[in-house]
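I opened a notebook page for links between side chains. My entries follow in the order in which I looked things up.

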Amino acid sequence: MAVTQALPAGRAVSLRLDADGWIKRAFMAVIALYLVITLALPLYTMLSRSFVTYGFDLDAYELQVSDETGRNFAPPVTAAALNAQLQRFAPADLRSSAEGRIPVVDLFPDFSFRSPVVYRLRAAKPDAQWLVGLDPVSSTDWQEYDSNSFRRVSLRPVATAGFQNYAAYFGNPALSRSIVNSLTIATISTLFTVLAAFGFAFALNRSCMRLKGPMKMIAMMPILVPSLLPGIALIYLFGKQGMLSGLLMGHSIYGPLGIVIGSVFFTFPHALIIISTALSISDQRQYEAAEALRASRWRTFWTVTIPGARYGLISAAFVTFTLVITDFGLPKVIGGQFNVLAIDIYKQVIGQQNFEMGAVVSVVLLVPAVLAFLIDRYVQRRQVSLLSSKSVPYQPRPRAGFDRLCFGWCALVALFILAIIGTCQLAAMVKFWPYDLSLSLRNFAFDRMDGGGWGAYWNSIRLASLTAVIGTVIVFTGAYMVEKLDGFAVGRAAFQFLAMLPMAVPGMVLGLSYIFFFNNPANPLNAIYGTMTILVISTITHFYTVGHLTALTALKQIDPEFEPVAGSLRQPFYRVFARVTVPICLPAILDIMIYLFVNAMTTVSAVVFIYSTHTALASIAVLNMDDAGDIAPAAAMGMMIFYTNVAARLLHALLSRRILRRTQAWRRR
């Protein structure tokens, strides 16, 4: 009988990271740190500020008043005791914002700045502070002021933490009504947009109608203009002096009607792309089976087409809902007195300088946006593959009547889009609507109007170019590191969470959070506030997720064996990255660049709070000129954005054809 002996226990085997592994982790950590600083920390700061309440604590101040000689002082008395005697300030008057002030002389009805009376003031609590002019003072020792100086003394509010801001918001019917308005508008707009986009996508993918290429090109036009532009067009079409105002039969375009129509316009391409992708991957065999079973076309539509496209429809609905509920530009231009959440944020911050209440509204706006995003991600995870290796791509067959019907629907939608764009072009060229309809270029003389002039336009070009180049490098590098890194599952999952988070954050929320975080003298990054740098950072962060997903999709198509083979040949990963990965993924890289460029040109909500007089942008100029009543110049600036994006798209197509002809020859047999 053979005797077996057990081997002695040795050390546990563990994989050691090589230099490439450490470098990849370092790159991923740097980009993750970028997302933490530019997204997570600002959002946390904004959330914290939403719980901060400011109010005047009159018990924190003691005062003494002298007689006419200025030498003999009365006993000390608190400001609260003086107020109780005079009933000067009600409890509601003592609630304040961070910049609130109360002149101390309001507590002395007989005050005269020419009086020889001397006043003393000190803090009864350590956090009490007052201003002498613009100079802050905080002292528990008596500070003496003559009457002329005392009139410049103002008490400052103190900060407390709690839910008072939320209670005040939901207790104000005018403010809380905005929640219902936003949800209603977003729901109605989503319904119309998804129906219109589904019909258009169905016609493109399931019919043999003519002019599919031009129709699709027209359908993508709304992506190239800021969301304010359809509002201006609707004013010229259906406003009080509009060309077609009689069609509304007495109803006003200002308010929910205008917001819904404009929302359908600017969200239509986004829904179309998603639904068209879902319809393009159908299996021909399912339709052949339904035809063999003699199912009617109506029944085939509901049992084959809709189930196959349901995930695309749900995703399109949530994307549209999020875009509408978080949009600021369109309600600002044509909303009238119809308040929505995005407008409430703008009014609280810009109109009333109440940043804490603006943070509260931002948190409220963040909730439906995050919920829509999470549900969309859950639905996408449940999506199963509809195409297998045996699938047969769907090929539509000519049907004269059906093709004409599809063409009619697409023509109707295209006419709607062209009418909006064409009206804006007309508004930009007409001298004085509706009295002088002769054409002129004087509306393009932006330097003669408020809004930033031509400098704002060139700032937008600069912002878009920097965002496209720097953003593409950051996004693609981060996606490569997280996709090609072996192990480190926890770190990769955390990075993926940070990369997906920007899609759930509305632009206005991100912009307001930047005020709280970067506009803080204690922050080492405070120096970039008000510069082009912070605009580039905010734009890259705002649109990070779509670029990240695009890069991941391209990287997943590359065989994962390239890196191990290169490692076995002792070749560093960056050589494989430069010579293999980048050339193969060049189509996706160019798509990310043009995506970032176009969105940087049209963005409003993400930058409306953080631009300065030296960094005004074209999209902001449209908003400011519309506010100033210069609607025609605003339309002209909007069309300049449109021209620029069209030129960028054409240049992108030209460069893509030339570059890809050289680098993508391996794709052709």
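Entry 1, disulfides. I count a disulfide where a pair of cysteine sulfur atoms lies within 2.5 Å. The model I am reading is predicted. By this rule I find zero disulfides. I then looked up cysteine 208, for which the nearest cysteine sulfur is that of cysteine 406, 9.6 Å away. The cut-off is 2.5 Å, and cysteine 208 is in no disulfide. I also noted how open two cysteines are. Cysteine 208 is partly exposed, at 32% relative accessibility. Cysteine 424 is buried, at 1% relative accessibility.

How many salt bridges does the count come to? I get six salt bridges.

Where do the partners lie? I find arginine 49 in helix 1 (residues 19-49) and glutamate 356 in helix 13 (residues 355-382). The pair therefore ties together parts that are 307 residues apart in sequence. Is glutamate 356 buried or exposed? I put glutamate 356 down as buried, since its relative accessibility is 2% and buried means under 20%. Arginine 49 has a relative accessible area of 23%, which I record as partly exposed.

Aspartate 57 sits in the loop between strand 1 (52-55) and strand 2 (61-65), and lysine 125 sits in the loop between strand 6 (118-123) and strand 7 (130-132), so the link joins parts that are 68 residues apart in sequence. I checked the accessibility of each partner. Aspartate 57 is partly exposed, with a relative accessible area of 22%. Lysine 125 is partly exposed, with a relative accessible area of 34%.

I note a salt bridge here, with 3.5 Å between the closest N and O atoms. Arginine 88 belongs to the loop between helix 2 (79-86) and strand 4 (95-96). Aspartate 106 belongs to the loop between strand 5 (102-103) and strand 6, so the pair ties together parts that are 18 residues apart in sequence. For accessibility I have arginine 88 at 39%, partly exposed. Aspartate 106 is at 26%, partly exposed.

Notes. Residues are numbered from 1 along each chain as its sequence is written. This is a predicted model: local features need pLDDT of at least 70, side-chain atom pairs count only at pLDDT 80 or more; totals for chains, interfaces and linings use all residues. Side-chain values use heavy atoms; hydrogens and water are left out. A salt bridge is a side-chain nitrogen of Lys or Arg within 4 Å of a carboxyl oxygen of Asp or Glu. Helices (H or I, at least four residues) and strands (E, at least two) are DSSP runs, numbered from the N terminus. Buried means under 20% relative accessible area, exposed over 50%, partly exposed in between (1.4 Å probe, protein chains only).
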